[in-house]
Amino acid sequence: MNKGRNFGAQRKFAAGAPAPNKCQTPRLETPTETRPDPEPKVHLVKKTPTVLLDRLTFNDVHKHIQPVVVLKRLQTSQVTKAQVHQTVNLADDPEDSYDSQDSGETSLTEDTSSNGYDALTLLPQCVTPDPQFNKRAISISSTSDDGMPVQKKAKTSVMDETDQEFFGTLRIPVRKKIKTVVLDAPVFRPTVDEFKDPLTYIEKILPQASKYGLCKVIPPNGFTPPCNLDETMGFTVTNQYVQRMFKRYGPATKELSAIKALLASQKVPFKRPPLVSGLEVDLPHLFKLVQGMGGLKKVTKLPQWNKVAEHLKCCKNLKNPGQKIKQIYEKYLLPYEVMTSVEKLNLTFQVEQLCTKRYSRMYKRAKSPLHTQKQMLKQCDSTDYDSSDEISIKDRIIYSALAETEDCIVPGRNMKIQAFEKVAEVAAETFLSSPSQTTNMIEKEYWEVVLSRRRHVCVNAASIDTGATDYGFPNNDSTDQYNTHPWNMKRFSRNPKNMLSFLGPVVGMTAPTLHLGMLFSTSCWHRDPHGLPWIEYMHKGVQKVWYGIDDTQSQKFRKAVEKLCPAFSQNKSVWLPSDIAMIPPKLLQKNSVSLCRVVQNPGEFIIVCPKAYSSSIATGYTISESVYFATLSWIQSLGETFDTLKSSCEPTMFSLEQLLFAFVRDARTPPSVLTAIEPILKEVVDKEIKNRRNLEKLGIPVMKANQGKPKDNRFTSPEDAVKANENAIEETPKEDWAHCFTRWFQRMVRCVERNGDYFEKQQKSWLKPSKPSTSSAWNVCDQDECYICRMTLYLSRVRGVLDKNSVLCPEHALKILAQPKKSHLINESKRLSFIIMYSTSELEELLEFLKDRLRKS
């Protein structure tokens with residue numbers, strides 16, 4: 001679950017542990033374990049200072065003998081002069097130059113020439129809880145398709161050609177990097193009794209699983225829940241461009257952008273390539289195929305269009321595939337074919353330059369992600385930090401052709417479940433080099449596409465909110481055993497031991513999400529911004545490959561991303577956006593990041609630990625269901641988590657105040673939780689009351705929102721009724737005044753008659769357990785958020801500060817109104833309004849009610 005995926009969709013698209021000591025006995029350890037080095041052997045090697053002047057310090061120049069450390073297992077190799085002068089810079093796109101500039105390093109030992117994804121050398125696997133899975137993990141391909149381990153011979157050398165350089169027979173010492181490993185994630189097999197209480201079992205295994213970042217849980221035999229689907233249900237898919245997952249501007253992306261720019265200049269713009277059998281046509285590949293057969297005239301004359309369609313492998317279900325491909329070629333590629341070589345060279349040069357400019361802007365935004373917010377708060381002097389990269393008029397057509405290239409995952413079209421399944425079948429036939437491949441072979445081909453970036457590969461994925469529907473796990477009143485099973489994702493989210501259950505159904509959080517995937521569908525590297533764990537069950541389909549990085553590796557992972565993909569690492573606390581980057585494990589290993597890997601089969605659970613990073617790759621058509629949960633330990637860091645989100649201007653999926661109020665009002669809340677949230681709630685209430693008083697001093701009118709009124713539609717006091725009447729008259733057309741006044745008068749009478757026992761009844765109602773809503777789930781997209789810090793405004797909001805419809809939290813509204821240029825707004829009472837959802841007295845009474853519950857407990 002991209003919980004990122006859900007998270008980004010709902011927001012409208014918007015250090016390492018020390019190395020262990022040497023030990024003969026295998027043990028469970030964090031994925032930072034390294035193999036002990038053999039005893040070094042020292043050789044005295046004569047060298048020529050003039051040849052090695054650039055590699056030696058000044059004090060070493062006068063020396064003629066230097067000790068060199070040589071490992072016994074190191075194979076002596078001869079390198080050429082070209083290999084000696086190889087640098088980490090790749091010249092094929094602008095992103096690599098930024099990578100080297102950002103890291104500030106130029107290493108002769110960095111191997112960047114390989115675009116393939118080699119098998120990774122692994123250490124012997126530590127002991128896992130699953131005796132059937134506890135085998136030695138030798139390489140990334142050490143697990144077969146059916147999940148059983150395969151023994152492979154381990155590599156005997158702990159160093160490769162990147163560890164030392166040679167000038168002939170002269171050995172030059174280079175500091176050796178610590179080797180990291182890809183571990184097999186732990187696999188757990190609960191007993192029938194353990195399987196009865198999911199949250200208790202998860203809390204039991206989390207300490208062990210958190211050392212890896214994620215784990216797999218295999219249910220007992222006989223657990224075969226149904227997967228309910230509606231063939232008529234429609235949903236919006238996402239387009240995932242695999243060639244842009246790691247680096248944005250590869251050969252395929254640049255050539256496609258050149259084709260789009262050429263057509264746009266001829267008044268034939270197109271946003272995305274045409275579809276054949278539901279898949280985007282690889283236009284650069286099609287152009288090369290036709291040119292390899294002699295061009296348009298020769299292919300048409302022979303004719304060979306059916307042969308071209310056969311090479312594309314996506315036209316098998318078409319009646320006349322050759323004619324379809326010919327029409328596409330004539331419409332989209334014929335203008336590109338008739339260009340002269342000089343014109344193509346000039347167009348390519350322009351695309352290269354504009355790719356560099358666009359990447360430059362991406363890089364600047366990553367280094368200053370909060371520039372807009374700081375500018376509004378007058379914390380930044382610059383008014384336009386992109387002014388140095390102005391685009392000329394003649395380049396705007398090409399620049400617009402690069403519009404979507406900044407993202408690897410973008411919104412797609414609407415589809416039905418049957419259409420999605422058919423596209424998944426076509427994708428499997430089109431993008432695989434041969435049918436019936438193993439999971440490891442598919443995984444290798446995936447990384448080849450990611451690293452080479454020479455193929456245009458667009459696949460689809462979808463995340464569907466189940467809400468109160470019956471999609472996925474059953475959610476009805478039937479007597480089916482899986483309807484009430486504790487591992488049913490819809491029941492799982494309502495488990496009282498799940499701290500999020502007190503929120504009720506929330507879209508993307510406690511309301512499970514159904515995920516559809518196909519070959520190469522990807523969940524990029526991400527971590528939930530709230531630091532929450534989550535669980536995903538695969539209903540049907542083929543295998544899915546998961547990678548995990550535990551929380552102790554966070555700093556190393558961030559440094560690796562800053563070096564490998566600097567434009568994707570934002571300069572703030574919540575630094576890695578979701579759906580933005582997929583970095584190969586081998587490159588992470590070279591940057592001292594340890595990670596784990598596991599293959600999920602249908603009928604198995606994957607649990608991602610709190611604050612862990614994860615990613616996944618589908619090897620074919622899959623249907624899975626996921627949901628977030630929270631344990632008691634997460635509550636301890638609740639205040640710190642939301643402070644981090646606020647300082648990073650990161651949107652949330654629910655409000656902190658919403659969760660705190662739910663804890664206080666629910667009779668099921670254990671005393672330990674109430675004790676943990678008391679200081680947090682007191683700080684929230686005190687800060688809110690202070691901001692309200694400061695706004696009242698400015699004379700901004702206060703309005704009570706409908707959300708703050710009791711559910712029985714009564715006012716809490718006659719004063720509130722008078723204010724509501726005044727506001728209603730202002731907002732109601734004259735022809736409706738009579739009806740509005742009648743309703744107000746009736747509510748006013750009920751308020752006066754029954755106001756005496758109102759608060760006593762309200763406190764009793766607070767202690768009733770909250771019932772799951774049968775209507776649609778609470779959606780954060782329907783709520784107001786602060787324009788600056790993006791926090792969900794649950795208690796109050798100020799409208800009209802930046803413009804007529806802008807909404808701010810009280811804290812940032814006060815900061816902006818304190819600016820000299822904004823002070824005149826205070827006198828414009830019709831524009832500014834301070835809307836509160838809960839009165840000050842209600843907040844104070846809620847805090848007292850919490851203290852009273854703690855005293856009684």
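## Close-up views of a predicted model

View 1. The structure, which is a predicted model, holds 0 disulfides. C408 is in no disulfide, and the cysteine sulfur nearest to that of C408 belongs to C524, at 4.4 Å. A disulfide is a covalent bond between the sulfur atoms of two cysteines. For C789, the closest cysteine sulfur is that of C786, and because the two sulfurs are 3.6 Å apart, they are too far from each other for a bond, the cut-off for a disulfide being 2.5 Å. Both views of these cysteines show buried residues: C408 has a relative accessible area of 0%, and C789 has a relative accessible area of 1%.

**View 2. The course of helix α22.** Helix α22 runs over residues 671-697 and is made up of 27 residues, with a reach of 39 Å from its first C-alpha to its last, which is close to the 39 Å expected at 1.5 Å a residue. Within α22 there is a kink of about 40° at I677, and this kink lies shortly before the proline P679. After the helix comes G699, a residue whose phi is positive, near 80°.

View 3. The side chain of E688 makes a polar contact, at 2.9 Å, with the side chain of R692. When residues up to four places away in sequence are left aside, E688 touches L795, S796, P810 and L843.

**View 4. V702 in strand β21.** Strand β21 covers residues 702-704 and includes V702, which counts as partly exposed because its relative accessibility is 31%, a value that falls between the limits of 20% and 50%. V702 and I835 are 133 residues apart in sequence, yet their C-alpha atoms are 5.8 Å apart in space.

**View 5. The whole protein chain, for orientation.** The secondary structure of the protein chain comprises 27 helices and 24 strands. Of its 857 residues, 54% count as buried, and the chain exposes about 39900 Å², of which carbon and sulfur atoms supply 52%.

Notes
Residues are numbered from 1 along each chain as its sequence is written. This is a predicted model: local features need pLDDT of at least 70, side-chain atom pairs count only at pLDDT 80 or more; totals for chains, interfaces and linings use all residues. Side-chain values use heavy atoms; hydrogens and water are left out. Helices (H or I, at least four residues) and strands (E, at least two) are DSSP runs, numbered from the N terminus. A polar contact is a pair of N or O atoms within 3.5 Å; within protein, one must be able to donate a hydrogen and the other to accept it, and residues adjacent in sequence count only if both atoms are side-chain atoms. Contact means heavy atoms within 4.5 Å. The expected span of a helix is 1.5 Å times one less than its number of residues. The bend at a residue is the angle between axes fitted to the seven residues ending there and the seven starting there. Buried means under 20% relative accessible area, exposed over 50%, partly exposed in between (1.4 Å probe, protein chains only). Accessible areas come from the Shrake-Rupley method with a 1.4 Å probe; for residues, only the protein chains shown count as cover.
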